[in-house]
Amino acid sequence: MNPLRMLSAAAIAALAAAAAISGARPAMAEPGEIRLSPALLELLRAEMREVTAGVQVIAASLATANWDAVHDAAANVRASYIMEKSLTPEQSRELGQALPESFRELDAEFHERALKLALAAEAHDAELAGFHYARLLDSCTRCHARFAGARFPGFGAPAAQEHRH
């Protein structure tokens, strides 16, 4: 996986919008915690804020059939636009060592879905764009549930409830 892809993976999956703003360190569900330097962590927070804004633009733009805005936002989300410009070779190595393979697989799925969403917007296909947007969000939630459960406790197992038929 190339360094820019790894960088965007961390931005999209390791940190969620709330984590990016809170300043807390990411907690991981898999064995071992992903630990990042303060400088890299700040880049990831900035990236996550931008990704969150892009995902919100996509939702509003889908609802109004603003295909150029959907396309551009999806392309920007796919490209992880801030960190791509800011990552040093040392940070790239650090990130490459910190991310487990299952994280990289979810990231690749996210980026592929963002590409498909951009292409659906280019074709002005509302149904397909909506489908890919839903799948994009699904890839976010699956990754957050797996790697950021402490940040998003709502993804935990439902509390046992008494059977009431």
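User: How many residues does helix 8 have, and how far does helix 8 reach?
Analyst: In this predicted model, helix 8 covers residues 126–147, which makes 22 residues. From its first C-alpha to its last it reaches 31 Å, close to the 32 Å expected at 1.5 Å a residue.

User: Which residues in helix 8 are buried?
Analyst: The buried ones are A129, H132, Y133, L136, S139, C140, C143, H144 and F147. They sit on the same side of helix 8, because they cover an arc of only 125 degrees around the axis.

User: What caps the N-terminal end of helix 8?
Analyst: That's D125. One of its side-chain oxygens lies 3.3 Å from the backbone nitrogen of E127.

User: Is H124 buried or exposed?
Analyst: Exposed, with a relative accessible area of 51%. The cut-off for exposed is over 50%.

User: Where does A65 lie, and what is its phi?
Analyst: A65 is in the loop between helix 3 and helix 4. Its phi is positive, about 55 degrees, and A65 is not a glycine either. A65 counts as partly exposed, since its relative accessible area is 41%.

User: New topic: H111. Where does H111 lie, and is H111 buried or exposed?
Analyst: H111 is part of helix 7, which runs over residues 101–122. It counts as buried, because its relative accessibility is 1% and the cut-off is under 20%.

User: Which polar partners does the side chain of H111 have?
Analyst: There's the side chain of D107, joined to that of H111 by a polar contact of 2.9 Å. There's also the backbone oxygen of R78, which lies 2.6 Å from a polar side-chain atom of H111.

User: What about S61, where does S61 lie and what does S61 touch?
Analyst: S61 is in helix 3, residues 38–63. Leaving out residues up to four places away in sequence, S61 touches N66, A69 and V70. S61 is buried too, with a relative accessible area of 7%.

User: How far is S61 from A121?
Analyst: They are 60 residues apart in sequence, and 10.0 Å apart in space, C-alpha to C-alpha.

User: And Q91, what does Q91 touch?
Analyst: Q91 touches A39, L40, L43 and S86, again not counting residues up to four places away in sequence. Q91 lies in helix 6, residues 89–98, and is buried with a relative accessible area of 10%.

User: Let's zoom out. How many helices and strands are in the protein chain?
Analyst: Eight helices and zero strands. Of its 165 residues, 45% count as buried. Among contacts between residues at least 6 apart in sequence, 77% join residues at least 24 apart.

User: What's the mean pLDDT of the protein chain?
Analyst: The mean is 77, and 71% of the residues reach 70 or more.

User: Which elements have the lowest and the highest mean pLDDT?
Analyst: Helix 2 (residues 17–22) has the lowest, 36, whereas helix 4 (residues 67–79) has the highest, 95. Over residues 1–32 the pLDDT is below 50. That stretch still has 96 contacts in the model beyond near neighbours in sequence.

User: How should predicted coordinates be read where pLDDT is low?
Analyst: Not in detail.

Note on methods. Residues numbered from 1 in each chain as written. Predicted model: local features only at pLDDT ≥ 70, side-chain atom pairs only at ≥ 80, totals over all residues. Heavy atoms only, no water. Helix = DSSP H or I, 4+ residues; strand = E, 2+ residues; numbered from the N terminus. Buried < 20%, exposed > 50% of the residue type's maximum accessible area, 1.4 Å probe, protein only. Contact = heavy atoms within 4.5 Å. Polar contact = N/O pair within 3.5 Å; in protein donor to acceptor, adjacent residues only side chain to side chain. Expected span 1.5 Å × (residues − 1). Arc of directions from axis to C-beta. pLDDT = per-residue confidence, 0-100.
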